[in-house]
Each structure stands twice: as C-alpha cells, then as structure tokens.
Amino acid sequence: MFELNGKVAVVTGAGSGIGRAIAQVFARQGAQVHILELHPDAALETVAQIEDAGGTAQSHACDVSHQEQVKEVFQAIGKVDILVNNAGIAHVGSLENTSEQDLDRIYQVNVKGAYNCLLAAVGLMKEQGGGVILNMASIAAHVGLVDRFAYSMSKGAMAAMTLSVAKDYLPFNIRCNSVSPARVHTPFVDGFIAKNYQGQEAEMFEKLSKTQPIGRMAKPEEVAALALYLCSEEAGFITGCDYPIDGGFIKLNS
Ligand SMILES: NC(=O)c1ccc[n+]([C@@H]2O[C@H](COP(=O)([O-])OP(=O)(O)OC[C@H]3O[C@@H](n4cnc5c(N)ncnc54)[C@H](O)[C@@H]3O)[C@@H](O)[C@H]2O)c1
C-alpha cells in the first residue's frame, strides 16, 4: 500500500522540517521527487539524504513567490503527478503589531507562493489526465491563536484555496486536500523560539509542547505519513478536505 512508484512529486520548501520529511517518505515509496527551495544548499542536503537511502530527487533553486521562476521550474520538470505546497514562513504579532510589510511578506510566500505552484501544476495535471495536490495549512486556519494575525490570514487562505481548487478541478481528476498541523518540532519552531524568547528557550519549548493535549509536539515524520496517505491512490475518494494533525489541539483543549 501507499506506493508512489512512477509518480513525479514536487515538494516546496523541502530543504527543512516537514517538507524534508515528506520528500524523504515520498522518495522511499518510489516517487521521483523535485524540491523547490529558496535555500539551494538545504535542498541539496535533502537530495543527498534521499540518494543515500536509494531514492531519486532533484533540487531546484526557486523562490515560490516569483511566478516566472515557478513557471520555468515546472516547465523544466514537465510532468507532475503530486504537488505538496509546503513552503511557508511565520510572523508573530496581533493586528496592531503587524506592519504592512509584515503582512505583504507573509502573503507573498504563504498565499501567492502556493497560488503560483497551484497554477503551474494544474496546467500540467490537466494535460496528463489528473493529479493530487496537498496544501500545508495549520491549526491557525481553524482556531484563534494569540499573536498570529498575518500567519492565520495566510493559512485560512490556504484552507479556502484548497476548497476552491478541489471544486473547480473535479472534472479533471485532480484531488486537492490540506493538512493542519499543530506545533511540529522543526527548525521553524526552534528559530521562532530563539528569536522571540531568548534566554527562555527550554521553558518555552516545554510550554509549547504542552499546548497540545497529547503533551508534545508532532514529529515531521508523522505529518509526512499523513501526507503520503492523502497523496496515494488509497486516498482516491478524498478531496476538498482538511485534516488536522494536532495532538488534540482543536477538539480537546477545553
Ligand atoms: N512547524 C510547525 O509547527 C508548523 C505547524 C503548522 C504548519 N506548519 C507549516 O508547515 C510548513 C513547513 O514548516 P516547517 O516547520 O517545516 O518550516 P521550516 O522553516 O523548517 O521549513 C520551511 C522551508 O521552506 C523554505 N522556504 C521559505 N520561503 C520560501 C520561498 N519563498 N520559496 C521556496 N522555499 C521557501 C525554507 O527555506 C525552508 O526550507 C509551513 O508552511 C508552515 O507554515 C508548520
């Protein structure tokens, strides 16, 4: 089950964290993986890890917020069976602590970056007779979180884009879903703690772990396993859905 033999999968932001884990699992299941990444060195490290494990992967230096770059990379790849829109950045702040520049920066990567990849991928998928898309949303798309104004805006957009694409491309055999993780232990989280809670790193790590009723953060591999299922043929009846992977955050936190 969950084989991806012969499939071409594009994973954005797979130089780190969740994206890297998804690229590794997809390659292990037989997919030929293409990584679109802002930091080419990080992407090459993922490629090397995949090749060491016997898989196939290629990295493409690409800023997903630039439509021309994205278009060129997808054209060069030529065939895309699976797209995982994973690249994303964060911002901490309430409405009043979010500048116009902060909002634009989050929008450019998290919303427009996903749009650019969706646009490039659906064209190819339509020509090929189908495909699967998975968007990385967040619990921030579904519940009110303190100081996540811009980030929540972007992840809410991701959930809404998922529904729109799932609906419009039903006739083209393209499935589109999203996943909504709570806190996952990645460099994204370590960087966020280091930047915002200097000197209180261990205490903050513990506090953030406990915000999940299950008592810890998710591992990137756990999100990758859900991504694999949703992008596999076994999930052929699933489209237009969001899957929280949140240690009980949304439903068990009262
Ligand atoms: N870590 C969490 O707790 C968590 C929870 C919910 C959702 N998410 C989402 O999961 C996704 C991955 O998060 P992560 O924790 O693995 O982050 P990460 O920072 O470890 O990795 C993100 C990757 O995206 C790349 N990237 C950033 N901007 C880019 C751009 N413009 N073009 C191409 N690549 C770009 C980065 O270089 C990096 O390699 C993000 O969309 C994030 O919002 C993370």
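The axes of helix H3 (residues 67-77) and helix H4 (100-128) come within 9 Å and cross at roughly 30°, where axes are lines fitted to C-alpha atoms, for helices over the stretch in contact, and angles run from 0 to 180 degrees between N-to-C directions. H3 is therefore roughly parallel to H4, a description applied to angles under 35 degrees, with over 145 counted as roughly antiparallel, 65 to 115 as roughly perpendicular and the rest as oblique. The model is a predicted one, in which local features need pLDDT of at least 70 and side-chain atom pairs count only at pLDDT 80 or more, while totals for chains, interfaces and linings use all residues. Residue numbers start from 1 along each chain as its sequence is written. Helices (H or I, at least four residues) and strands (E, at least two) are DSSP runs, numbered from the N terminus.

The crossing of H3 and H4 is right-handed, meaning that the near helix is turned clockwise from the far one by less than a right angle. On the H3 side, Gln 67, Val 70, Lys 71 and Phe 74 meet Asn 116, Cys 117, Ala 120, Ala 121 and Leu 124 of H4; residues are in contact if their C-beta atoms, placed from the backbone, lie within 7 Å. This contact comprises 6 nonpolar, 2 polar and 1 charged residues (Ala, Val, Leu, Ile, Met, Phe, Trp, Tyr, Cys and Pro count as nonpolar, Asp, Glu, Lys and Arg as charged, and the others, Gly among them, as polar).

Helices H1 and H2 (residues 40-52) pack at about 30°, with their axes 10 Å apart, and are therefore roughly parallel to each other. Their crossing is right-handed. Arg 20, Ala 23, Gln 24 and Ala 27 of H1 meet Thr 46, Gln 49 and Ile 50 of H2, a contact with 3 nonpolar, 3 polar and 1 charged residues.

The protein chain is divided into domain 1 (8-182 + 221-245) and domain 2 (185-217), with bounds from an automatic or database domain assignment. The C-alpha centres of the two domains lie 24 Å apart, and 6 residues of domain 1 are in contact with 6 residues of domain 2. The side of domain 1 that touches domain 2 has 4 nonpolar, 2 polar and no charged residues.

Both domains give residues to the shell around the ligand, so the ligand lies between them. Of the 31 residues around the ligand, Gly 13, Gly 17, Gly 88, Thr 186 and Phe 188 come nearest (a residue is near a molecule or strand if its C-beta atom, placed from the backbone, lies within 6 Å of it). Two or more residues each are given by H1 (17-28), strand S2 (32-37), H4 and helix H6 (187-196). The shell has 15 nonpolar, 13 polar and 3 charged residues.

Key. Two residues are in contact if their C-beta atoms, placed from the backbone, lie within 7 Å.
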